[in-house]
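Q: Hi! Could you walk me through this model, one piece at a time?
A: Happy to. Here is the structure to look at as we chat.

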Amino acid sequence: MVYKRPLKCLRIVMANLVTVFVVMGIIVSGFRIGADGLNMNYYLFSCPFVESIVKDIVNRALEDDPSLAAPLLRMHFHDCFIQGCDGSILIDSTKGNKAEKDSPANLSLRGYEIIDDIKEELERQCPGVVSCADILALAARDAVFFAGGPVYDIPKGRKDGTRSKIEDTINLPSPNFNASDLIKMFAQHGFSAQEMVALSGAHTIGVARCSSFKNRLTKVDPNLNSEFANTLSRTCSAGDNAEQPFDETRDDFDNLYFDALVSGNGVLTSDQTLFTSPRTRNFVNSYAQNQALFFLDFQQAMVKMSLLDIKEGSKGQIRDNCRKIN
């Protein structure tokens, strides 16, 4: 497999070395891998090529458009925080139901066609076996890797949910949240403050739209670096949909997001608050100084997130088409 962009090989090799310890640590600490039917080798006999198919299609998509890594990762996050990791974010709206993906909080998500391509290929190889929820979790994992981030494994066996309603997206974190708001919301899903900061590091790839940070400019945010405020103002001069990268390497998964926060260059209120709050500042400093530590904590938090409120057995289904309920 050939990559068009360098993947910072040494960093990736180091991340690979710790992956086995991450998985072992998760098992030892009591996560329910296998307890509800999920396990690392769930498709070993029923669809043995699922991992390679997902990796190949995600890799080809990111070679064509590296900026797709961020929305794929965010799509998985937005899926898991609403009704659990059940692929509900993938469902299209119908005449009688407005679905999650049409919420203002999800309009910036892209890459649904990648999930469609993966599903179509898997249906050809092993029809009715692989859930859309698992496809999305695997695609997000591989997007992180192909963006230069850590490699990690996740248990498979999620079933697809049968509910997707726009009103449920009120439970997604707001870009205007402060650290206390974020800590409280993530705690409701079982995450510590440190895990919340590690997961926030997903903003090391991707962009924010002006509409999500322009409020910091009309009433000047004292926590915003004055020079960076000018940068954000120039971005917003192009309109609400103008995009601002979260850090200097928008398509590379690294720890520069945390460097930006230390410098007062956080794009969103919910970004910069992680450094200004004494409850989370030390975690930001640690990740800014130690990328390997960030990668390790991010791996663990992502595996934990992928297990949120999973559907098993009769509680879910295997959708024939990821965009609609069977």
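**Chatting through the model**

A: Let's start with helix α6 (residues 179-187), where Ala179, Leu182, Ile183, Met185 and Phe186 are buried. Buried here means under 20% relative accessible area, exposed is over 50%, and partly exposed is in between, with a 1.4 Å probe and protein chains only. Helices are DSSP runs of H or I with at least four residues, strands are runs of E with at least two, and both are numbered from the N terminus.

Q: Before we go on, what kind of model is it, and how are residues numbered?
A: The model is predicted, so local features need pLDDT of at least 70 and side-chain atom pairs count only at pLDDT 80 or more, while totals for chains, interfaces and linings use all residues. Residues are numbered from 1 along each chain as its sequence is written, and side-chain values use heavy atoms, with hydrogens and water left out.

Q: Thanks! What do the buried residues of α6 pack against?
A: They pack against α3 (69-80), α7 (193-200) and α11 (269-276). Contact means heavy atoms within 4.5 Å.

Q: And which residue caps the N-terminal end of α6?
A: That is Asn178, with a side-chain oxygen 3.1 Å from the backbone nitrogen of Ser180. For polar contacts, the pair must be N or O atoms within 3.5 Å; within protein, one must be able to donate a hydrogen and the other to accept it, and residues adjacent in sequence count only if both atoms are side-chain atoms.

Q: Which residue does the UniProt "binding site" annotation cover?
A: The annotation, from an unreviewed entry, covers Pro173. UniProt positions are given in the numbering used here, feature names are shortened, and annotations may be inferred rather than shown by experiment.

Q: Where is Pro173 found, and what is it in contact with?
A: Pro173 is in the loop between α5 (132-146) and α6. Setting aside neighbours within four places in sequence, Pro173 is in contact with Phe77, Phe81, Leu182, Met185 and Phe186.

Q: Why does Pro173 count as partly exposed?
A: Because its relative accessibility is 23%.

Q: Phe81 was on that contact list. Is Phe81 buried or exposed?
A: Phe81 counts as buried, because its relative accessibility is 3%. Its place is the loop between α3 and α4 (112-125). Not counting residues up to four places away in sequence, Phe81 touches Asn171, Leu172, Pro173, Met185, Phe186, His189, Phe191 and Leu308.

Q: How far apart are the C-alpha atoms of Phe81 and Asp309?
A: They are separated by 8.9 Å, with the two residues 228 apart along the chain. Asp309 is in the segment after α13, and Asp309 has a positive phi of about 45° although it is not a glycine.

Q: Which element gives the largest share of the lining?
A: α3, with six residues. At least two residues each come from α3, α6, α7, β1 (207-209), α11 and α13 (291-305).

Q: What about the lining by class?
A: There are 23 nonpolar, 14 polar and six charged residues. Ala, Val, Leu, Ile, Met, Phe, Trp, Tyr, Cys and Pro count as nonpolar, Asp, Glu, Lys and Arg as charged, and the others, Gly among them, as polar.
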